[in-house]
Structures are given as C-alpha cells and as structure tokens.
Amino acid sequence: MISYQNLIGGQWVAAQDGRTFTTTNPADTRETVATYALGGAADYAAATRAASEALPKWSAQTAVARGRILSKAAQILESRKAELATLLTREEGKTLTEATGEVGRAVDIFRFYGGLSYTVGGQTIPHDLPGNLLLTRREPVGVVALITPWNFPIAIPAWKLVPALLCGNTVVLKPASQAPSMALELAKALQEAGLPAGVLNVVAGEGRAFGSEIASNAAVQALSFTGSHGVGTGLYKALSHRMIRVQLEMGSKNPTIVLADADLDLAARLVAIAGFGLTGQACTATSRVIVERPVLAAFTEKLVAAAKAWKVGPGLTPGVQMGPAVNADELEGNFAAIRKAQADGAELVWGGARLTEGDLAHGLFMQPTVLGGVTPTMEIAQEEVFGPVVGVIAVDSFDEAIQVANGVKYGLSASLVTRDFKKAMVYAERIECGVVKVNQISTGLALQAPFGGVKNSSTDSFREQGTAALDFYSRTKTIYLDYSA
Ligand code: NAP
C-alpha cells in the first residue's frame, strides 16, 4: 500500500489534526490502494498562505523559465508512464489502455504548454495617433484554487494546473477523494523538475473545508472547478460576494444523433465506445442516442450486439474494454436510474445487471446497458447517469432530432452520424453545446483546442485547454506609451 502526504510550501506533510483516509480498488474492493493525509480547514489555510508567499517570485519569472520546468516535468512523467497508468487503473478502475492514454495526455499537456511558453505575451495594437505605442501585457491572476473530479484523475488536474503555472500563478489543488494519487504524483514530478516551494500545493481532503477557505480568503483570486452541477453551483453561490474569477465545468447529457443515411455499423461502434468506454464515467459520454425511425430497429440490434460482446472486467486484465464503477454509490445510482426508466415506461433491451461471476464478485461491475422506448421527457433522457447506460430515443425527422438533442438543461458534447454534409453543417450551427462531433465519438478531445460546455454544463465564462486556457489564468493590462513629444 502506498502512503501519501499533502504538499504544502514544498514540504510533504501530515494533516494538522493527524487524520487520514484510504482508497480502495473498485475492481477488487478487498484491496486498499493508498492511504492519504485528510486535509481540513487548517491545512487549506496553510496551503493558501504558502501559495501567497510564493507568488511574488514565481510571477516575476519569465514564461520561458516557467515553461522549462513544465517541459522537464513532461519528461519525468513520461519516464513513469507505465507505473502511473497501473496505479490509476487500480485506484479509479478504468482499463489500463484508457489509463495509459490518460497519462500520455497529461504528458502531452505539459509538453504543449512548455513549448507554448515562448509565445505567452501580449499584443501590440495600432494606435490612432503617431508616436504612440499601445500594447497589452498578460499578468497572472494570483493564487488560484483548483478542484478536480475523480474520473480523469491526472488529465483534468494537468489541464488546469499547467496553464495556471505557465501564466505565473501559484496554486492550491484539491483532488477528488476517490482518486487523489495522480494529482500528488504530478506534484512530485514538478518538484523533481525544480518547481520552487509553495508554487504548487496539493491537499487531498475535505471539499467543504476548501470551499470555505476559498470563500473567505481574499488571497484566492480564481477558482477552476470540474465536477457535479450540485457542488459547482453551491461553490458559485458561496463565492459570488467575492466576485473572483470562477470557471465551473460540470455534468451533461450528451446525445449522439443517428440519421437514416448513417453507416449503422459505424454508428453502433461510436455509441458503444462513447457510451460504455470509460464505464460511461466521462462528462462527454453518450447517454442518449437519438435515432431516425426508419433505422431504429437495425441500429438498436447492432448496438445491443456491441453491448453483448463488450468485455467487462478488471482494468488490468488484457483485452478488457470496460472496468468497474468507481464506487458502490455510483454503481447503485446506475441501477436506480435503470429501475426508474423502466418504471417510466422504457424497455430494458440489454444489460442492467450486476456482474458477479468468479473474481468479478469482489468488484463493482455491471453490464453495459441499452434502454429502448425512451421518450425525451423521461428522467433517463434528462438527468446525468454517470455509468454505461444508453437510452435510445426514436424521432421522425432531422429537425426533431435536433430539437430533442437540445431539449435538456445541459450542453457539453454532441455527436451526429450521417453521410449528409449539409445536415452535418446545419446541426453544427444549431446544436446547443460546446463540443460538436460529426461521425466521431462524443468523448475524446484535442488538448490544443478549446473545451467547455454551455447551459448547466458550464459557467460558460472561459474555455479550458489549448491557448484558450491562458485567458482564464491571466489578466490583460493595457499600456499606452506616448513618445511623440
Ligand atoms: P463532485 O462530487 O462534484 O466532486 C468534484 C470535486 O469537488 C471533488 O474534488 C470533491 O471533493 C469536491 N467537492 C465536493 N464538495 C465540495 C464542496 N462543498 N466544496 C468544494 N469542493 C467540493 O464530482 P465527482 O463525482 O468527483 O465527478 C463527477 C462529475 O464531474 C460528473 O457530474 C461529471 O459530469 C463531472 N465532470 C465534468 C467534466 C467537464 O469537463 N465538464 C469533466 C469530468 C467530470 P471530494 O471528492 O473530497 O468530495
């Protein structure tokens, strides 16, 4: 069993009140994966103090100097890729292939912003008078608080942390209690790469305590949060009186639309990967398939065939395509949603059962699940289910498909499967979401492109990832210089 402490002011420390907590392997709940210091109010206060003290020196460094540390950390993480991916799988449950991809993504994020460090600067803007110079300067926001979920335990901390550091901010990061090891491993790599003490502080522990610290400590100038809508909106309200910069990226109810002209084998494959891959525990997972009626039966048959063949098991077992639910609550939540859908009139076409054969009995496994006869107003078509549960909704036209797709309070990712280029473009214009895919899975993002949602999926204030992330983590100062006299 691994033992972690929190990183505060460059020191690895126990919680001030000595409390600890553990994580277990969702593929075999008899196995404890790691033990952690359980951070509370005093620890978050100490971390914020350390970040404030480190800010003047770090923000005075050039972006290029900061970028060198990020690039070095990329190399360190790359050299530990296999070990980190195995740990990620043991703690969060996704397959080793998925975990290896995620660790690789984190490495690439460090590499991307390390390279970008040579370009982080302001603009020169033509002035309306001669002998005048008008320019902007990017400056750090200050101490930045980051709160991350368990489902991408290394990629999401990386895509917040790395641009924040590049822009010259100092950081207090609180990873999800379900899977904190990866955030602490990122901190280790950065420390080894030469990150000065206090620039990054990582405190695993109580979310509520960190929320209170951010709400009451004037030193914290920004919060970037990814997680559930309930927690996100609670934080937003608690911070409103401070008027600091807040970015919330939250849940969704992502559709894949299958039009009558679609390649149905492709459509079924895309929905299976986006719905069952990552055990459906992705904010961009497909959970609604909106299908034109003429191909409803043929598509559903192909999707069910894919679900039946989907290999479920421990993520470390070669060939497994889907690991367990992350914890018992999530697993039970999935079954409750399926039961509610059936009570509302949906048909359980395939799946819906817990898998307990042999070694699976010790883990939190379930069948990939397909529900048919779903109507747009049913709860299963409206509320996020963070699991491998796909509801199929029949529609009579392309227009109706778009209307149904938009008829939810969320708007993160949406996919369309068609051969009709015109419809693809009309959909891209009319769909209400932040990520639009055509003939692709609704999951999967390019790290160099902006990412974020609309409606209840996001504060829609700033985008994450790519160069767009720099706008959240920096302020623009405008400078007027007159040399005409
Ligand atoms: P969550 O329960 O909202 O937790 C997210 C983070 O907030 C965790 O670190 C959690 O800490 C912390 N937290 C909980 N209560 C808090 C409070 N009162 N104040 C401050 N922090 C608090 O979400 P989750 O279950 O980890 O993640 C699943 C959700 O994230 C889904 O809804 C999914 O759609 C969403 N998600 C969205 C995106 C996106 O980019 N839009 C990406 C991934 C996931 P503890 O773990 O200690 O409770």
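Which residue has a backbone N or O atom 2.8 Å from a nitrogen atom of the ligand? That residue is M250. The model is predicted. The protein chain splits into domain 1 (2–250 + 458–481) and domain 2 (254–438).

**Ligand surroundings**

- The ligand is surrounded by 28 residues.
- The closest are T148, S177, S228, M250 and E384.
- M250 falls within the bounds of domain 1, and its backbone places an N or O atom 2.8 Å from a ligand nitrogen.
- An N or O atom in the E384 side chain is 2.7 Å from an oxygen atom of the ligand.
- G227 takes part through its backbone: a polar atom there is 3.3 Å from a ligand oxygen.

**Domain layout and contact**

- The C-alpha centres of the two domains are 31 Å apart.
- On the domain 1 side, 21 residues join the contact; on the domain 2 side, 25 residues do.
- About 1,800 Å² is buried between domain 1 and domain 2. Carbon and sulfur atoms account for 63% of that area.

**Polar and charged pairs across the contact**

- Eight residue pairs are in polar contact between domain 1 and domain 2, with both residues at pLDDT 80 or more.
- The salt-bridge count between the two domains is zero.
- By class, the domain 1 side holds six nonpolar, eight polar and seven charged residues.

**Salt bridges in the model**

- The count comes to 24 salt bridges.
- One of them joins the side chains of E78 and R111, with N to O at 2.6 Å.
- Why does this pair tie together parts that are 33 residues apart in sequence? E78 lies in helix α2 (residues 63–79) and R111 lies in helix α4, so the pair links those parts.
- Side chains of opposite charge can pair when their charged atoms come close.

Terms used. Residues are numbered from 1 along each chain as its sequence is written. This is a predicted model: local features need pLDDT of at least 70, side-chain atom pairs count only at pLDDT 80 or more; totals for chains, interfaces and linings use all residues. Side-chain values use heavy atoms; hydrogens and water are left out. Domain bounds come from an automatic or database domain assignment. Contact means heavy atoms within 4.5 Å. Buried area is the accessible area (1.4 Å probe) that two parts lose on being put together, summed over both. A salt bridge is a side-chain nitrogen of Lys or Arg within 4 Å of a carboxyl oxygen of Asp or Glu. A polar contact is a pair of N or O atoms within 3.5 Å; within protein, one must be able to donate a hydrogen and the other to accept it, and residues adjacent in sequence count only if both atoms are side-chain atoms. Ala, Val, Leu, Ile, Met, Phe, Trp, Tyr, Cys and Pro count as nonpolar, Asp, Glu, Lys and Arg as charged, and the others, Gly among them, as polar. A residue is near a molecule or strand if one of its heavy atoms lies within 4 Å of it. Helices (H or I, at least four residues) and strands (E, at least two) are DSSP runs, numbered from the N terminus.
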